[in-house]
Amino acid sequence: MLTREELPECPVATTVQLIGNKWKILIIRNLVYNEKQRFGDFIKSIPAISKKVLTDNLRALEEDGLIDRQVFAEVPPRVEYSLTELGKSLKPILDAMSDWGTDYKHHL
């Protein structure tokens, strides 16, 4: 997890640093609207993402405290991802982005 000193002074830049790449925002989108996802669910709903890039982004989001990874002691192992309380606080941002994107499409 990043320290305060490592984050940009600007709060917008902080947000962009944490969720600003195209993969992280789509991962968070899935979890905002689906609560829990397994690795395969992400692959199906974000078809352009590679397994390595998905793994790297899931780890980064977990390290930043935005998602939680729960491993179930089963054979084969089952892993589910969900938003932490901090991650859930991103829902209004995703909703606003969705609304803005819909409005933009109507203006074209």
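Residues are numbered from 1 along each chain as its sequence is written, and side-chain values use heavy atoms, with hydrogens and water left out. Because the model is predicted, local features need pLDDT of at least 70 and side-chain atom pairs count only at pLDDT 80 or more, while totals for chains, interfaces and linings use all residues.

The chain contains 6 helices and 3 strands. Both are DSSP runs, numbered from the N terminus: helices are H or I with at least four residues, strands are E with at least two. Their order along the sequence is α-α-β-α-α-β-β-α-α. The C-alpha trace spans about 50 × 40 × 25 Å along its principal axes. The chain has 108 residues, of which 31% are buried. Here buried means under 20% relative accessible area, exposed means over 50%, and partly exposed lies in between (1.4 Å probe, protein chains only). The accessible surface comes to about 7500 Å². Carbon and sulfur atoms hold 57% of that surface. Areas were computed by the Shrake-Rupley method with a 1.4 Å probe; for residues, only the protein chains shown count as cover. Contacts (heavy atoms within 4.5 Å) were also counted. Of those with a separation of 6 or more, 47% join residues 24 or more positions apart.

The largest pocket has a volume of about 150 Å³. A pocket is an open set of points on a 1 Å grid over the protein atoms alone, where a 1.4 Å probe fits and protein lies on both sides within 12 Å along at least five of seven lines; lining residues have an atom within 4 Å of a point. Grid points are joined across faces, edges and corners, and the volume is the space filled by probe spheres set on the points. The lining consists of Pro 11, Thr 14, Thr 15, Leu 18, Ile 19, Leu 66, Leu 86, Ser 89 and Leu 90. Helix α1 (residues 11-19) supplies the largest share, 5 residues. By class, 6 lining residues are nonpolar, 3 are polar and none is charged. In this scheme Ala, Val, Leu, Ile, Met, Phe, Trp, Tyr, Cys and Pro are nonpolar, Asp, Glu, Lys and Arg are charged, and the others, Gly among them, are polar.

Pro 8 sits in the segment before α1. Its relative accessibility is 27%, so Pro 8 is partly exposed. Beyond four places in sequence, Pro 8 touches Ala 13, Thr 14 and Gln 17.

The whole structure holds 2 aromatic pairs. Phe 42 and Tyr 81 form an edge-to-face pair, because their ring centres are 6.0 Å apart and their planes meet at 65 degrees. Rings of Phe, Tyr and Trp (its six-membered ring) pair if their centres lie within 6.5 Å; planes under 30 degrees apart are stacked, over 60 edge-to-face, and the rest tilted. Phe 42 belongs to helix α3 (residues 39-45) and Tyr 81 to strand β3 (residues 78-83), so the pair ties together parts 39 residues apart in sequence. Phe 42 is buried, at 0% relative accessibility. Tyr 81 is buried too, at 8%. The other pair, Trp 100 and Tyr 104, is stacked, with 5.3 Å centre to centre and 15 degrees between the planes. Both residues lie in helix α6 (residues 91-107), 4 residues apart, about one turn of the helix. Trp 100 is exposed at 58% relative accessible area, whereas Tyr 104 is partly exposed at 44%.

Gln 37 lies in strand β1. Gln 37 is buried, with a relative accessible area of 7%. Apart from neighbours within four places, Gln 37 contacts Asn 30, Leu 31, Phe 42, Ser 45, Val 79, Glu 80 and Tyr 81. Both members of the edge-to-face pair are thus among the contacts of Gln 37.

Two backbone features complete the account. Val 75 and Pro 76 are joined by a cis peptide bond, with omega about -5 degrees. Pro 76 is in the loop between β2 (67-72) and β3. Glu 35, not a glycine, has a positive phi of about 65 degrees. Glu 35 lies in the loop between α2 (22-34) and β1 (36-37), and is exposed at 61% relative accessible area.
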